[in-house]
Amino acid sequence: MQMPVFRARPAGLKIIIVGAGKVGTTLVEQLSREGHDITIVDLDAVKVNDITSSYDVMGCVGNGASYLTQVEAGVKDADLIIAVTDSDELNLLCCTIAKQFSGCSAISRLRNPDYSRESGYLRDKLGLSMIINPDLEAAKVMARVLYLPTALEVRSFAHGQALIVKIKIPEDNILDRMTVAELGAKITNDILICGVEREGNVVIPGGSFELHSGDVITIVATSKAQQDFLKSIGMAQNQIKNVMIVGGGRSAYYLSDILIKRGLSVKIIEQNLERCEKLNELLPKAVIINGDGTNTELLLDEGIENTDAFIPLTGIDEQNSMLALYAKKISSAKLVTKINRTGFIDIINSLDLGSVFFPMYITSDTILAYVRAKTASPGSNIETVYHLFDARAEAITFNVTDESKITGKPLKDLKIKDNTLISYIGHKGEAIIPTGSDVISEGDTVMVVTTHTGFDDIGDILE
């Protein structure tokens with residue numbers, strides 16, 4: 001038998017981030033924490049100074065699409081450039097110039113629907129590693145939670161074979177005062193609880209952990225097992241047929257397009273008349289209302305009390321929060337709330353805003369998965385990275401391509417780090433919710449949930 005080869009792990013990457021907005025700042029925070037050499041580039045000297053003062057990174061004030069600015073930022077030695085400014089054209093130009101004068105990889109953010117329809121062509125012709133559309137990705141995540149409306153959050157992984165679903169245990173639910181082990185014995189072993197948030201603390205639970213009403217739990221399973229589990233604990237799904245959206249921006253367009261194709265009725269309330277006319281052209285099957293979505297009389301006239309789902313997508317977090325609270329007071333609608341800033345997460349979490357989404361985390365998770373894949377050992381490729389519980393835990397999907405210390409042994413015999421759980425194994429097309437007797441094999445897809453950060457290799461789970 002050939003012995004597995006254990007290779008030294010590469011050092012951190014030299015990364016240039018162009019754009020010091022919300023996404024750029026989030027990437028700086030995450031990537032610098034993982035040991036990468038980061039340079040932030042922006043025309044706004046105040047933003048650059050704020051970031052370099054807060055994190056151990058370099059800063060460069062200037063136009064990121066300028067060759068001289070890129071040279072000053074170190075593009076000739078860079079491994080990766082990430083362009084996340086507010087301008088799609090500037091992002092593409094930044095990446096194109098970097099590719100001309102450097103061998104670095106390039107990632108561009110594009111938000112315009114016209115470019116999104118051509119993203120595959122642009123990526124191939126410009127030689128980019130990735131094009132990401134944060135509004136479209138956020139819309140996909142929001143749409144999934146509408147298909148499973150009792151959930152607070154739904155993420156798909158392993159090419160759709162399984163889901164990560166976050167729910168809040170209702171008062172007097174069957175799960176109250178039940179241990180994780182008892183859940184497996186009395187209800188089902190087809191799902192795995194991989195995270196619990198209680199009173200602001202996040203725990204990766206063991207079998208003796210006792211669940212309480214009010215806990216926010218994250219579970220992993222196949223789509224059918226998720227639905228069966230929710231039904232068995234009295235959280236059956238009420239199918240959503242109609243949706244009211246306040247705000248007609250890009251996120252509203254992408255979400256409406258997805259929902260209409262799934263047969264849902266969509267009503268959008270948008271204050272700007274010109275935008276309403278554009279939405280009428282783009283979404284002929286949607287009902288477009290020109291009016292102030294913060295006007296309670298208008299909301300009542302348009303049927304907020306009877307809508308199945310209410311989604312405030314204005315560009316102002318405070319408005320989105322207030323609208324969600326108002327809808328909760330006067331209706332039983334499924335609430336989905338978009339929040340752009342992360343500075344008041346504790347306050348946001350104390351409000352009952354339904355399913356809350358932070359678009360910058362959705363974008364940064366996708367980019368972070370790519371960066372970790374570049375730094376991973378050859379035998380362990382990262383497919384996805386999802387931040388859970390406001391980035392206090394991570395769910396990481398690895399493709400195990402070679403034998404290693406974690407293959408060929410029952411999971412119960414592996415010395416796994418604390419607060420780390422193997423939550424899913426995809427083996428030859430079969431979705432496995434693992435027990436201690438299961439084994440990871442070469443060729444498997446493995447999901448790990450952990451409160452540690454920076455795992456870029458499946459071997460990182462071991463002590």
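**Exercises on a sheet, a loop and some cysteines**

Helix α9 (residues 223–232) lies across β8 and β11 (216–221), running at about 140° to β11. Here, helices (H or I, at least four residues) and strands (E, at least two) are DSSP runs, numbered from the N terminus. Angles run from 0 to 180 degrees between N-to-C directions, with axes as lines fitted to C-alpha atoms, for helices over the stretch in contact.

Before you start: this is a predicted model, where local features need pLDDT of at least 70 and side-chain atom pairs count only at pLDDT 80 or more, while totals for chains, interfaces and linings use all residues. Residues are numbered from 1 along each chain as its sequence is written, and side-chain values use heavy atoms, leaving out hydrogens and water.

**Exercise 1.** Work out the strand order of the open sheet of 5 strands, and find its edges.

*Solution.* 
- Step 1: Trace the order, which is β7-β8-β11-β9-β10, with antiparallel pairing. Two strands pair if DSSP finds at least two bridges between them.
- Step 2: Look at the ends. β7 (153–157) and β10 each have a single partner strand, so one side of each is left without a neighbour in the sheet.
- Step 3: Check the twist, which averages 15° from one strand to the next.
- Step 4: Zoom in on β9 and β10, which are joined by 3 bridges. Val 196 sits opposite Val 203 in β10.

**Exercise 2.** Describe the surroundings of Thr 188.

*Solution.* 
- Step 1: Skip its neighbours within four places in sequence, and Thr 188 is in contact with Leu 183 and Phe 229 (heavy atoms within 4.5 Å).
- Step 2: A polar atom of the Thr 188 side chain lies 2.9 Å from the backbone nitrogen of Asp 190.

**Exercise 3.** Asp 172 and Glu 199 are not glycines, yet each has a positive phi; find where they sit.

*Solution.* 
- Step 1: Asp 172, with phi of about 60°, is in the loop between β8 (162–168) and α8 (180–186).
- Step 2: Glu 199, with phi of about 50°, is in the loop between β9 (192–198) and β10 (201–203).
- Step 3: Asp 172 is exposed at 72% relative accessible area, and Glu 199 is exposed at 78%.

**Exercise 4.** Count the disulfides, then look at Cys 95.

*Solution.* 
- Step 1: There are 0 disulfides (pairs of cysteine sulfur atoms within 2.5 Å).
- Step 2: For Cys 95, the nearest cysteine sulfur is that of Cys 94, 6.6 Å away.
- Step 3: Cys 95 is buried, at 0% relative accessible area.

Notes: Buried means under 20% relative accessible area, exposed over 50%, partly exposed in between (1.4 Å probe, protein chains only). A polar contact is a pair of N or O atoms within 3.5 Å; within protein, one must be able to donate a hydrogen and the other to accept it, and residues adjacent in sequence count only if both atoms are side-chain atoms.
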